Amino acid sequence: MNQERKEETPAAPAHSLVMGRILERLAGSGALIFSHSQKGDDTIVIQPEDILDVMRTLRDDPQLGFDIMMDLTVADYLGAERVWPYLAGLKARFEVIYHLYSIEKNHRIRVKAPLTLENLYIDSITGVWAGADWFEREAYDLYGVVFRGHPNLKRILLYEGFEGHPLRKDYPKMKRQPLIGPRN
Amino acid sequence: MSELIRPGYDFHKETHTEPMVINMGPSHPATHGTVRFFLTLDGEIIEQIEVEIGYLHRAFEKECENQFWNGVFPYTDRLDYTAAALNNVGYALAAEKLIGITVPERCQYLRVIAGELARLSGHYTNLGAAALELGALTAFIYFVEARELVWDLIESLCGARLTHNYVRIGGVTADLPEGFAEHAREVFRRNRELWDDFAKLLLKNRIFLDRMRATGGISRQDAIEWGFTGPCLRACGVPYDVRRAQPYLVYGQLDFDIPVGETGDNLDRFLVRLEEINQSIRILEQCLERIPPGPINVDNPEWRQPSKDDIHRDMESMIFHFKNTFEGQKIPAGEVYQAIEGANGELGFYLVSSGAGKPLKCRVRPPCFALTSAMPLMVKGAFLADLIPTFDMINLIGGECDR
């Protein structure tokens, strides 16, 4: 009955050409923590301090040319750190996740930067892609990650006066919020 | 009065005016989907605009994290509710990529059919509403009829008109009903007539053209920088369509064109969407012709809820039926990003599994979120009246933008 389950073909290369180029560019910088190409999605995990350098490299390198910042989000691995072995070593609980795409070269990359609860800061990439503005505000709103250098970091989906960051795993689903009343 | 006509008098410079701050929305007739604009106006010119979204936030991600993998589908329906089946397809493809299964060919065709019908419904709604808000009520009624006919088709396919909930991980809920192809051909014939009437009503209408042309424009570089995808990016002349760039399902075997614009203004966005309606019908006609017979679900009870017959006959089906209902499907730990071409642009699902029955994270990349964030860029310095067509062509869907 399990004939539909396809195992990863062992003959496939460990990573794509793009990934090779990225690893070549990042070699020696100390930025890279981990990389994988699970399910064909090329992924690099980098030190959060190096996010701006790495993003500029990815955008400006003529062979990479990632011109669109497709998505920016955060994941909270509280209680599930075992999913990624490197998280335990860094004592990290959060990951900021960027998905980039290159229109011209038609390839994608996922960039992840692990963060700890105590140091939930990362540089804003609004200077690299202006379109990251609202995505970073949303990540701040729902997870409480502070993007340093963001021009207007305030809540976006929720209202001013909301307490806590609801997508954190320790935020109870049914938690009540105080009434804020009209502000005129 | 005499000093007013003295030589060198500059009316705009010397007349004392102050900018006016007005609040538009969240329940303004033109801000469908509840969104609020804080506008600073100099006369009729928009000096500053701040867009406030979030009025339709329903904690999509938090709810999904508390659902079994298959329980997420009804929530995805309510993202872009004008094109619900597309969201179903996107989520199912992402989950299947994470599991590592491929659905049978007939199922892939069925998903393309459901998705393209949903895209038709989304485009009819968008274009009709845009015409309505510029005063063309008649044109709106034509596309409402076209949308009703498409909804009839969808209803015969899955029983629901608006929130389809049609797709499941590893398959779809139902096969084509009898006589679907003939019904569909009849609908497409009528919809082509309605399309012709709609286009004739608007594309020679001076008022409509003046309000659409050269308003809300954005340059190609800015559009890319701000993460534009879908019809709004194609209107700038970038032929990026996920169906063509990174084909999924059977789009690689289908013959369709990708309309692109030149200037990136509202009229181009309108025309791109108008042509995409024709292309969607082309895709649907090819699908109905080519759809092969065969199963519509993967033959694996672990990933696709087994039928009642199988549960009574087959031990493994019975076990997985019980386990999937009470514990959820145990999708292997990992992460995956799957993009599809939604009605508004690239609809991406980023799923993380920890190996439990529920998603650790279920993120959706909403295309109109990125589009709306660039609103200030598009309307600053324009007339207040230009805000309406620009906002229409951005096609903010509250359910998708606010989640």
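**Chain A, then the interface**

Analyst: In chain A, 53% of the 184 residues count as buried (under 20% relative accessible area; exposed is over 50%, partly exposed in between; 1.4 Å probe, protein chains only). This is a predicted model, so local features need pLDDT of at least 70 and side-chain atom pairs pLDDT 80 or more, while totals for chains, interfaces and linings use all residues. Residues are numbered from 1 along each chain as its sequence is written, chains are lettered from A in the order written, and side-chain values use heavy atoms, without hydrogens and water.

User: How many helices and strands are there in chain A?
Analyst: There are 4 helices and 7 strands. Helices (H or I, at least four residues) and strands (E, at least two) are DSSP runs, numbered from the N terminus. Along the sequence the order is α-β-β-α-β-α-β-β-β-α-β.

User: Which residues of α2 in chain A are buried?
Analyst: Helix α2(A), residues 51-60, buries A:Ile51, A:Val54, A:Met55, A:Thr57 and A:Leu58. They line one face of the helix, because they fall within an arc of 160° seen down its axis. The arc is taken over directions from the helix axis to the C-beta atoms.

User: And what do they pack against?
Analyst: The buried residues of α2(A) pack against α1 (17-26), β2 (43-46), β4, β5 and β6 (121-123) of chain A. Contact here means heavy atoms within 4.5 Å.

User: Switching to the interface. How many residues does each chain put into the contact?
Analyst: Chain A gives 54 residues and chain B gives 58. Between them the chains bury about 4,700 Å², with 54% of it on carbon and sulfur atoms. That area is the accessible area (1.4 Å probe) that two parts lose on being put together, summed over both.

User: How many salt bridges and polar contacts cross it?
Analyst: The rule finds 10 salt bridges between chain A and chain B. A salt bridge is a side-chain nitrogen of Lys or Arg within 4 Å of a carboxyl oxygen of Asp or Glu. There are also 29 residue pairs in polar contact across the interface, both residues at pLDDT 80 or more. A polar contact is a pair of N or O atoms within 3.5 Å; within protein, one must be able to donate a hydrogen and the other to accept it, and residues adjacent in sequence count only if both atoms are side-chain atoms.

User: Which element gives the largest share of chain A's side?
Analyst: Strand β3(A) does, with 9 residues. The side of chain A that touches chain B divides into 27 nonpolar, 10 polar and 17 charged residues. Ala, Val, Leu, Ile, Met, Phe, Trp, Tyr, Cys and Pro count as nonpolar, Asp, Glu, Lys and Arg as charged, and the others, Gly among them, as polar.
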